[in-house]
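This report describes selected helices and backbone features of one model. Please examine the sequence and the structure before reading on.

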Amino acid sequence: MLIFFGTFSLQQAITKREECHNLVGKTHFYAGLCAGAAFAVWADLPLLDCAAAAAAGILGGLAPDLDHRKSKITQKTGMFGFVSSRMLKHRGVLHAPILYVVLAAVLFPCIGVYPLTRAAVCGLLAGALSHLFLDALNPSGIPLLWPLLKKRISLLPIQTGGRIDRLIGRLCLLGAAWCAVCAVLS
Ligand SMILES: [Zn+2]
(Lines give C-alpha, C1' and ligand atoms only; values in the text may rest on other atoms or scores of the structure.)
Protein backbone atom coordinates (compact mmCIF):
# COMPACT_ATOMS: atom_id res chain seq x y z
CA MET A 1 0.00 0.00 0.00
CA LEU A 2 2.77 2.36 1.07
CA ILE A 3 4.72 1.53 -2.10
CA PHE A 4 1.60 2.18 -4.20
CA PHE A 5 1.07 5.65 -2.70
CA GLY A 6 4.80 6.37 -2.93
CA THR A 7 4.83 5.46 -6.64
CA PHE A 8 1.62 7.43 -7.24
CA SER A 9 2.92 10.64 -5.65
CA LEU A 10 6.26 10.23 -7.45
CA GLN A 11 4.39 9.89 -10.76
CA GLN A 12 2.36 13.02 -9.93
CA ALA A 13 5.53 14.95 -9.09
CA ILE A 14 7.14 13.89 -12.39
CA THR A 15 4.02 14.85 -14.38
CA LYS A 16 3.87 18.22 -12.61
CA ARG A 17 7.54 18.84 -13.30
CA GLU A 18 7.12 17.94 -16.97
CA GLU A 19 4.12 20.31 -17.18
CA CYS A 20 6.29 23.05 -15.69
CA HIS A 21 8.96 22.49 -18.33
CA ASN A 22 6.32 22.55 -21.09
CA LEU A 23 4.89 25.84 -19.85
CA VAL A 24 8.31 27.37 -19.46
CA GLY A 25 9.19 26.20 -22.95
CA LYS A 26 6.01 27.80 -24.28
CA THR A 27 6.63 31.07 -22.44
CA HIS A 28 10.20 31.23 -23.76
CA PHE A 29 8.95 30.35 -27.26
CA TYR A 30 6.42 33.23 -27.27
CA ALA A 31 8.83 35.64 -25.57
CA GLY A 32 11.55 34.88 -28.14
CA LEU A 33 9.06 35.31 -30.98
CA CYS A 34 7.87 38.61 -29.49
CA ALA A 35 11.43 39.87 -28.90
CA GLY A 36 12.54 39.04 -32.46
CA ALA A 37 9.40 40.58 -33.95
CA ALA A 38 9.61 43.67 -31.72
CA PHE A 39 13.21 44.23 -32.79
CA ALA A 40 12.20 43.92 -36.46
CA VAL A 41 9.38 46.46 -36.08
CA TRP A 42 11.62 48.81 -34.09
CA ALA A 43 14.33 48.60 -36.79
CA ASP A 44 11.66 49.10 -39.48
CA LEU A 45 12.81 46.02 -41.41
CA PRO A 46 11.18 44.78 -44.63
CA LEU A 47 8.67 41.94 -44.25
CA LEU A 48 11.05 39.09 -45.16
CA ASP A 49 13.67 40.34 -42.69
CA CYS A 50 10.92 40.66 -40.03
CA ALA A 51 10.06 36.99 -40.55
CA ALA A 52 13.75 36.01 -40.28
CA ALA A 53 14.18 38.04 -37.07
CA ALA A 54 11.02 36.55 -35.53
CA ALA A 55 12.00 32.97 -36.42
CA ALA A 56 15.53 33.52 -35.11
CA GLY A 57 13.96 35.09 -32.00
CA ILE A 58 12.21 31.79 -31.26
CA LEU A 59 15.50 29.93 -31.59
CA GLY A 60 17.26 32.47 -29.36
CA GLY A 61 14.39 32.30 -26.86
CA LEU A 62 14.85 28.56 -26.46
CA ALA A 63 18.62 28.16 -26.97
CA PRO A 64 19.86 28.98 -23.42
CA ASP A 65 18.02 25.90 -22.14
CA LEU A 66 20.34 23.66 -24.18
CA ASP A 67 21.96 23.21 -20.77
CA HIS A 68 18.84 21.49 -19.38
CA ARG A 69 18.33 17.77 -20.02
CA LYS A 70 14.53 17.96 -20.14
CA SER A 71 14.04 21.17 -22.10
CA LYS A 72 12.22 20.99 -25.43
CA ILE A 73 15.20 22.32 -27.39
CA THR A 74 17.53 19.71 -25.86
CA GLN A 75 15.10 16.97 -26.78
CA LYS A 76 14.64 18.32 -30.33
CA THR A 77 18.32 18.77 -31.15
CA GLY A 78 19.34 15.12 -30.79
CA MET A 79 23.02 14.46 -30.15
CA PHE A 80 23.88 18.17 -29.94
CA GLY A 81 21.33 18.75 -27.17
CA PHE A 82 22.37 15.51 -25.46
CA VAL A 83 26.02 16.60 -25.34
CA SER A 84 25.38 20.26 -24.43
CA SER A 85 22.96 19.41 -21.61
CA ARG A 86 25.48 17.03 -20.09
CA MET A 87 28.52 19.24 -20.51
CA LEU A 88 27.01 22.52 -19.33
CA LYS A 89 25.63 23.31 -15.90
CA HIS A 90 21.98 24.40 -15.97
CA ARG A 91 21.66 28.19 -15.65
CA GLY A 92 25.41 28.47 -15.99
CA VAL A 93 27.30 30.09 -18.83
CA LEU A 94 24.42 29.86 -21.36
CA HIS A 95 22.36 31.99 -18.97
CA ALA A 96 25.10 34.63 -18.49
CA PRO A 97 24.38 37.94 -20.32
CA ILE A 98 28.09 38.48 -21.03
CA LEU A 99 28.08 35.44 -23.36
CA TYR A 100 25.61 37.19 -25.67
CA VAL A 101 27.55 40.47 -25.55
CA VAL A 102 30.65 38.55 -26.66
CA LEU A 103 28.64 36.67 -29.31
CA ALA A 104 27.32 39.97 -30.68
CA ALA A 105 30.85 41.41 -30.77
CA VAL A 106 32.12 38.31 -32.61
CA LEU A 107 29.20 37.81 -34.98
CA PHE A 108 28.52 41.35 -36.19
CA PRO A 109 31.86 41.87 -37.97
CA CYS A 110 31.50 38.37 -39.57
CA ILE A 111 27.98 38.63 -40.97
CA GLY A 112 28.82 41.37 -43.42
CA VAL A 113 26.20 43.54 -44.99
CA TYR A 114 23.54 40.93 -45.82
CA PRO A 115 20.34 42.41 -44.32
CA LEU A 116 18.65 39.02 -43.88
CA THR A 117 21.59 37.58 -41.91
CA ARG A 118 21.82 40.73 -39.80
CA ALA A 119 18.10 40.53 -39.05
CA ALA A 120 18.42 36.86 -38.08
CA VAL A 121 21.42 37.46 -35.78
CA CYS A 122 19.71 40.44 -34.11
CA GLY A 123 16.51 38.40 -33.68
CA LEU A 124 18.52 35.53 -32.21
CA LEU A 125 20.19 37.80 -29.67
CA ALA A 126 16.90 39.54 -28.81
CA GLY A 127 15.31 36.13 -28.22
CA ALA A 128 18.21 34.98 -26.02
CA LEU A 129 17.98 38.17 -23.95
CA SER A 130 14.24 37.65 -23.49
CA HIS A 131 15.06 34.18 -22.13
CA LEU A 132 17.59 35.55 -19.65
CA PHE A 133 15.21 38.30 -18.57
CA LEU A 134 12.40 35.82 -17.90
CA ASP A 135 14.69 33.42 -16.03
CA ALA A 136 15.92 36.33 -13.91
CA LEU A 137 12.31 36.83 -12.77
CA ASN A 138 12.28 33.29 -11.36
CA PRO A 139 13.49 32.50 -7.80
CA SER A 140 16.39 30.43 -9.23
CA GLY A 141 17.71 33.51 -11.07
CA ILE A 142 20.60 33.70 -13.53
CA PRO A 143 24.35 34.39 -13.22
CA LEU A 144 23.73 38.03 -14.10
CA LEU A 145 27.24 39.22 -13.26
CA TRP A 146 29.22 36.11 -14.29
CA PRO A 147 32.25 35.82 -14.37
CA LEU A 148 32.64 38.59 -11.76
CA LEU A 149 30.09 36.94 -9.49
CA LYS A 150 29.12 33.28 -9.83
CA LYS A 151 26.04 33.62 -7.63
CA ARG A 152 22.71 33.59 -9.46
CA ILE A 153 20.63 36.71 -9.05
CA SER A 154 16.84 36.71 -9.02
CA LEU A 155 14.95 39.93 -9.69
CA LEU A 156 11.46 38.66 -8.81
CA PRO A 157 10.00 35.50 -7.24
CA ILE A 158 7.75 34.50 -10.17
CA GLN A 159 7.18 30.75 -10.00
CA THR A 160 7.88 28.53 -13.00
CA GLY A 161 4.65 27.29 -14.56
CA GLY A 162 2.50 29.52 -12.35
CA ARG A 163 -0.29 31.91 -13.35
CA ILE A 164 2.03 34.86 -13.90
CA ASP A 165 4.32 32.69 -16.04
CA ARG A 166 1.34 31.72 -18.23
CA LEU A 167 0.12 35.32 -18.33
CA ILE A 168 3.54 36.51 -19.52
CA GLY A 169 3.44 33.85 -22.26
CA ARG A 170 0.02 35.02 -23.47
CA LEU A 171 1.04 38.70 -23.37
CA CYS A 172 4.14 37.86 -25.41
CA LEU A 173 2.00 36.03 -27.97
CA LEU A 174 -0.28 39.08 -28.19
CA GLY A 175 2.77 41.32 -28.51
CA ALA A 176 4.10 39.18 -31.36
CA ALA A 177 0.72 39.32 -33.13
CA TRP A 178 0.69 43.10 -32.73
CA CYS A 179 4.20 43.33 -34.20
CA ALA A 180 3.14 41.13 -37.14
CA VAL A 181 0.24 43.49 -37.87
CA CYS A 182 2.58 46.50 -37.65
CA ALA A 183 5.11 44.81 -39.97
CA VAL A 184 2.44 44.02 -42.59
CA LEU A 185 0.89 47.49 -42.47
CA SER A 186 4.16 49.45 -42.56
ZN1 LIG B 1 16.57 29.02 -18.95
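Where is the place of Asp44? Asp44 sits in the loop between helix 1 (2-42) and helix 2 (47-62).

**Basis of the model**

This is a predicted model, in which local features need pLDDT of at least 70 and side-chain atom pairs count only at pLDDT 80 or more, while totals for chains, interfaces and linings use all residues. Residues are numbered from 1 along each chain as its sequence is written. Helices are DSSP runs (H or I, at least four residues), numbered from the N terminus.

**Backbone features in loops**

Asp44 has a positive phi, near 55°, although the residue is not glycine. Asp44 counts as exposed, with 11 C-beta neighbours inside 10 Å. (A residue is exposed with 12 or fewer other C-beta atoms within 10 Å of its own, buried with 20 or more, and partly exposed in between; C-beta atoms are placed from the backbone.)

Arg91, in the loop between helix 4 (78-87) and helix 5, also has phi near 55°. Arg91 is buried, with 20 other C-beta atoms within 10 Å. In the loop between helix 6 and helix 7 lies Pro147; the peptide bond from Trp146 to Pro147 is cis, with omega near 5°.

**Helix 7**

Helix 7 (residues 163-185) has 23 residues and spans 33 Å from its first C-alpha to its last. This is close to the expected 33 Å, taken as 1.5 Å times one less than the number of residues. Its buried residues include Gly169, Cys172, Ala176, Cys179 and Ala183.

Terms used
Helix = DSSP H or I, 4+ residues; strand = E, 2+ residues; numbered from the N terminus.
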